[in-house]
Amino acid sequence: MAKEFWRWKEYNWKSENINWNNGAIITGGVDVGSVSSQAVVLVGGELFAYSSMRTGSDSPMSAVNSMNWALEGTGMTLENIKYVVGTGYGRVNVPFANKTITEIACHARGANLMYGNSVRTILDMGGQDCKAIRCDEKGKVTNFLMNDKCAAGTGRGMEVFADLLSVPIEDVGELSFYVEEEPPPVSSTCVVFAKTEATGLLREGWHKNKVIAAYCSAMAHRVVSLLERIGVEDDFVITGGIAKNVGVVRRIAKEIGIKTLETEYDSQIAGALGAALFARSLAEKGK
Amino acid sequence: MYKVGIDVGAKNIKIVVMKDGEVIAKDQCLAGFETKENTLSLYQKILESANISESDVSKITATGSGKKAAYFAQNSITEVTAAAKGATSLYPSAHSIIDVGAEEGKSIRCDGNGKIVDFALNEKCAAGAGAFIESMGRALELPIEQFGELSMQSDKEIPMNAQCAVFAESEVVSLMHAKTEKKDIAKAVNDAVASRITSMTRKVGFEKDIVLIGGMAKNTGFVQALKKGLETDIILAKDPEYISAIGAAIYND
Amino acid sequence: MIANFGYKDGSGDFYIIIDTDKCNGCGDCVPVCPAGILEVRDNEYDPMADDLMAAVKEEFRKKIKYSCSPCKPDNIDYTLPCVKACQFDAITHSW
Ligand code: SF4
Ligand code: SF4
């Protein structure tokens, strides 16, 4: 798809006060998603550098670029990294990875560090999938489900909708609150049918914002029904692209009655961070 | 006296006027957004062109997912009943009826007397209905009327990975970028929908004769794929999109 | 761990659920599945674990509704071959 989905900011970050040459074990994690790729480098288990950028059409290149970008200006090179784990949808395309691990496991492990070990439920809504994960205090997965079959409840579904209404995708969340009262959710789950339904509502004279609100709450409702399958326990966090859509996030929180936790880190790097943490454990275990 | 059957589908409205078991007049139009108004005006148009006055119509029966739009009908029956009734009255040997329309696929099993034994619906997901083909047609820039013909020219088996209509659209676009021929993509799309309808039909079970009705019966490539999937021959109903309207018209005769 | 393989789409919930605390990776369910969708593999969700578990093969995870439909005829009382084969009750289906 030529069109971009969320206007991701591309960025990199490095720690000012870690000397990576101190002999501590250096590990890396690369998360190649369908929309964006992240790389994380840990020195002795501490966050040393990371980057986030859009995934290009060439996944192996994206993996290399994101790692290079994380390392930029640090003096470190790929050779210094002892063990690298690849994760995400394009995980097989990380040419320098020692091992690949599913994003479910990496997300749980990463969230455990980012949000603290009290996190029990993670909802990750990406461009093309939606994952609901339960984990224990060690960040070990205890229950999960992933939905990448159906576009409803994914960023892609939201994109189709934003397109139909000619609203910039990043404005959808805010606009959904500019309504006099909350409309009933769109009744079709299927994106294709929901689109038809929405067109009908517009013809009936509904304001755009009201249609957006109806779709956001349908999406929230759907995601909550996924969460119900695994059960929600606090603390609860939402990661991934839709985490930036307040229209959906607040409606989810309202429906399940649990507020989501915030983090000082960028929620985007959860997968790559988890991968780098696994890399460390695996390297120590000699696997 | 005349009997009228109105089938208000997700996409089109179909109306038939019948007398003594024969179709006197039939027509269809897009359901659009003013479905009620469109249904009424189509009804009036048909009567007018067939020179029938409203008082000569003894009964109007509605069916289809939007049957409420035919508010002037005296009765309404379910889509499954209408499909079974229509198909078995025209094809008395039918034991299985497969109906694939724009937004819904159905598979119905009947005993030899037109009584429904079992049925399954594939609804609420565009992946198993005509809407899937329509979305792909948009991506391919191929009118749906030409979809069947074109796909028949291909003998390639390209599996579609995406199951969802939304994701499949992106897959079609990338196939096009990879210079895959249009006819091969069209076949892949038809095969995908046919395999879903096949599995639904196998689930309810089927028995000869099998009659295919609904708009998708006009898509020759889909029909071929369905025959292959079920490993048997299928009778294609004539004017397949009107069968449910006919079923409604003659219901309770 | 409870592993839910499958999906939810507009028409319903379709998950095959493996309870890894019960599953010991014996593989009894694999040969009985006429659609060949099951396998025994390492635990993808816990890279530090060494034990094996039953899983739905990756290529079937988006279409199990269709793959499993021959095992689930309508209106007939059925026992699913995979569920029956597992002596530890580790496999359940959501539909
Ligand atoms: S319900 Fe619609 S959006 Fe979901 S898989 Fe089916 S076609 Fe796609
Ligand atoms: S229900 Fe049948 S097809 Fe599905 S996993 Fe079990 S044995 Fe295999």
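**Ground rules**

I am working with a predicted model, in which local features need pLDDT of at least 70 and side-chain atom pairs count only at pLDDT 80 or more, while totals for chains, interfaces and linings use all residues. Residues are numbered from 1 along each chain as its sequence is written, chains are lettered from A and ligands numbered from 1 in the order in which they are written, and side-chain values use heavy atoms, with hydrogens and water left out.

**Aromatic pairs**

I started with the rings. Rings of Phe, Tyr and Trp (its six-membered ring) pair if their centres lie within 6.5 Å; planes under 30 degrees apart are stacked, those over 60 edge-to-face and the rest tilted. By this rule I get 10 aromatic pairs over all chains.

I opened Tyr11(A) and Tyr50(A), an edge-to-face pair at 6.1 Å centre to centre with 85 degrees between the planes. Tyr11(A) belongs to strand S1 (residues 11–14) of chain A and Tyr50(A) to strand S4 (residues 46–54) of chain A, so I noted a link between distant parts of the chain, 39 residues apart. For such elements I use DSSP runs, numbered from the N terminus: helices (H or I) have at least four residues and strands (E) at least two. Are these two tyrosines buried or exposed? Tyr11(A) and Tyr50(A) are buried, a word that stands for under 20% relative accessible area, with exposed over 50% and partly exposed in between (1.4 Å probe, protein chains only). Ring pairs also bring in Trp13(A), which forms a cluster with Tyr11(A) and Tyr50(A).

Next I went to chain C. Phe5(C) and Tyr45(C) make a tilted pair, 6.4 Å centre to centre and 55 degrees between the planes. Phe5(C) lies in strand S1 (residues 2–9) of chain C and Tyr45(C) in the loop between strand S3 (38–42) and strand S4 (52–56), so the pair ties together parts 40 residues apart in sequence. Phe5(C) is buried at a relative accessible area of 2%, and Tyr45(C) is buried at 5%.

**Charges over rings**

I then looked for a charge over a ring, meaning NZ of Lys or CZ of Arg within 6 Å of the ring centre and within 35 degrees of the ring normal. In chain A, Arg109(A) lies over the face of Phe278(A), 4.8 Å from the ring centre. In chain B, the charged end of Arg196(B) sits over the ring of Phe132(B), at 4.8 Å from its centre.

**Ligands**

For surroundings, I count a residue if one of its heavy atoms lies within 4 Å of the molecule. Which chains does ligand 1 lie between? Ligand 1 lies between chains A, B and C. It is surrounded by 14 residues, and the closest are Cys150(A), Cys190(A), Cys125(B), Cys164(B) and Gly10(C).

Around ligand 2 I found residues of chain C, including Cys33(C), Cys68(C), Cys71(C), Cys82(C) and His93(C).

I sorted the shells by class: Ala, Val, Leu, Ile, Met, Phe, Trp, Tyr, Cys and Pro are nonpolar, Asp, Glu, Lys and Arg charged, and the others, Gly among them, polar. Ligand 1 has 10 nonpolar, 1 polar and 3 charged residues in its shell. Ligand 2 has 10 nonpolar, 2 polar and no charged residues.

A reminder to myself: most residues other than glycine have a negative phi, and most peptide bonds are trans.

A cis peptide bond joins Asp234(A) and Asp235(A), with omega about 5 degrees. Asp235(A) is in the loop between helix H6 (208–230) and strand S10 (236–239) of chain A, and it is partly exposed, at 22% relative accessible area. In chain B, the bond from Lys208(B) to Asp209(B) is cis as well, with omega near -5 degrees. Asp209(B) is in the loop between helix H6 (182–204) and strand S9 (210–213) of chain B.

Asn51(B) is not a glycine, yet has a positive phi of about 60 degrees. I found Asn51(B) in the loop between helix H1 (35–49) and strand S4 (57–63) of chain B, exposed at 73% relative accessible area. Lys179(B) also has a positive phi, near 65 degrees, and is exposed, with a relative accessible area of 73%.
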